[in-house]
Amino acid sequence: MLRLFINYRRQDSEGYAGRLYDHLLRHFEREQVFIDVDNIPAGADFVQALEDAVAACDVLIALIGLQWLTIADDAGQRRLHQWNDFVRIEIASALRMGKFVVPVLVGGASMPSPTDLPEDLVGLARRNAVALGHHSFAYDVDKLVAAIKDAVPANESFKPRPNSETLRRKDDALRGVRSDVINAVASPLYTCRVENGYFPVFGEGSADANLMFIGEAPGKNEAKQGRPFIGPSGMVLDEMLGVINLKRADVFVTNLLLDCPPSKREPTPEEIAFYEPFVNRIIDIVQPAVIAPLGRFATSYVLRRLGLAEHKGKIGELHGRLIRAAMPYGYIHVVPLYHPAVVLYSASQKELLRKDFEKLKVFV
Ligand code: URA
């Protein structure tokens, strides 16, 4: 399922934006077309909020009317040239993220020259524009939609519904990995598993989930039952899933370590190295469109695995970001999140976690 973002300037093309939106709804579902980024909460970083909204879309339609370039503020400065201009931030983010960006000319406007554009929008001038004529509006929108569907065939944020054969194949493949984990006698945590009568915790959920969560390591509760996130952190995870109207069965939940380390300690590099190939296999089978690593260990693993070294950073800086990444099976999004256990240590973190989870709504 494609997602489109209509970028427009109110004073320049509000009417056209509304008309285009209505026409696009003949080709797409309502939830596929974004027209306004609203509800940016007080105190939030609005640049980040706009970037996140753009990141969740596959296509940005930049509506350009007669005054698009020249509208100025009270001081006579062109809005498009100001650092905090929403229109500019959205287009520049889409260009930077490699989204499919289409300039769409309305009201008889023509394409601005690169020399008239701020540096981060120059790439827009190289895109082939589509004009929407007053009398040929419907026909022109049909052409625009065909061009978009041609250029962006694959869905990046949703997977098609699997057929029963795909599900069976994936379930079988996951069973194969599970059995290898059970027999992983070379694991640095195998002795701990046996001595405590623990089970390995492989992960559970839909074998073809759109959304995969990767935690740090199972705790005692989980190892006693062989199921992920069933203790206090699991209660927080369930509550957060409820925020986005999902249940465990809709997603796949696993961990970076698939056995419980002793004394609630952090994973060691040796343990991570041992379990990584298993987790890699799980990802390759499920092929999620969105991976949400929970906490710093899982985040660092996912960024490393996806070759996203440039996003290195503390979880405090990365949480809630939507990062686009290439997998052999297509483009996906990575959304690092705080580990649900943060809420157990500091109740005030719950609101932060909830807000970050809300960002996943666009993928649900
Ligand atoms: N914490 C984790 O990281 N994973 C679990 O499964 C439970 C708690």
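Guide: Helices here are DSSP runs of H or I with at least four residues, strands are E runs of at least two, and both are numbered from the N terminus. By that count, Lys264 is in the loop between β8 (252-255) and α10 (269-286). This is a predicted model: local features need pLDDT of at least 70, side-chain atom pairs count only at pLDDT 80 or more, and totals for chains, interfaces and linings use all residues. Residues are numbered from 1 along each chain as its sequence is written.

Visitor: What's the phi of Lys264?

Guide: Near 55 degrees, a positive value in a residue other than glycine. Most residues other than glycine have a negative phi.

Visitor: Is Lys264 buried or exposed, and why?

Guide: Lys264 counts as exposed because it has 9 C-beta neighbours inside 10 Å. (Buried is 20 or more other C-beta atoms within 10 Å of its own, exposed is 12 or fewer, partly exposed is in between; C-beta atoms are placed from the backbone.)

Visitor: And what's the phi of Phe229?

Guide: Near 45 degrees, again positive in a residue other than glycine. Phe229 is in the loop between α8 (220-225) and α9 (232-243). With 26 C-beta neighbours inside 10 Å, Phe229 counts as buried.

Visitor: Switching to the ligand. Which residues are around it?

Guide: Gly215, Glu216, Ala217, Pro218, Gly219, Glu222, Pro228, Phe229, Gly231, Ser233 and Asn255 (C-beta, placed from the backbone, within 6 Å).

Visitor: New topic. How is the chain divided?

Guide: Into domain 1 (4-151) and domain 2 (164-363), with bounds from an automatic or database domain assignment. Their C-alpha centres lie 36 Å apart.

Visitor: How many residues are in contact between domain 1 and domain 2?

Guide: Four residues of domain 1 are in contact with four of domain 2 (C-beta atoms, placed from the backbone, within 7 Å). On the domain 1 side, three are nonpolar, none polar and one charged.

Visitor: Which residues of α1 and α5 meet?

Guide: Arg19, Leu20, His23 and Leu24 in α1 meet Phe137, Ala138 and Val141 in α5. By class, that contact has five nonpolar, one polar and one charged.

Visitor: At what angle do α1 and α5 pack?

Guide: Helix α1 (residues 10-24) and helix α5 (residues 137-151) pack at about 65 degrees, with axes 10 Å apart. (Axes are lines fitted to C-alpha atoms over the stretch in contact; angles run from 0 to 180 degrees between N-to-C directions.)

Notes. Two residues are in contact if their C-beta atoms, placed from the backbone, lie within 7 Å. Ala, Val, Leu, Ile, Met, Phe, Trp, Tyr, Cys and Pro count as nonpolar, Asp, Glu, Lys and Arg as charged, and the others, Gly among them, as polar.
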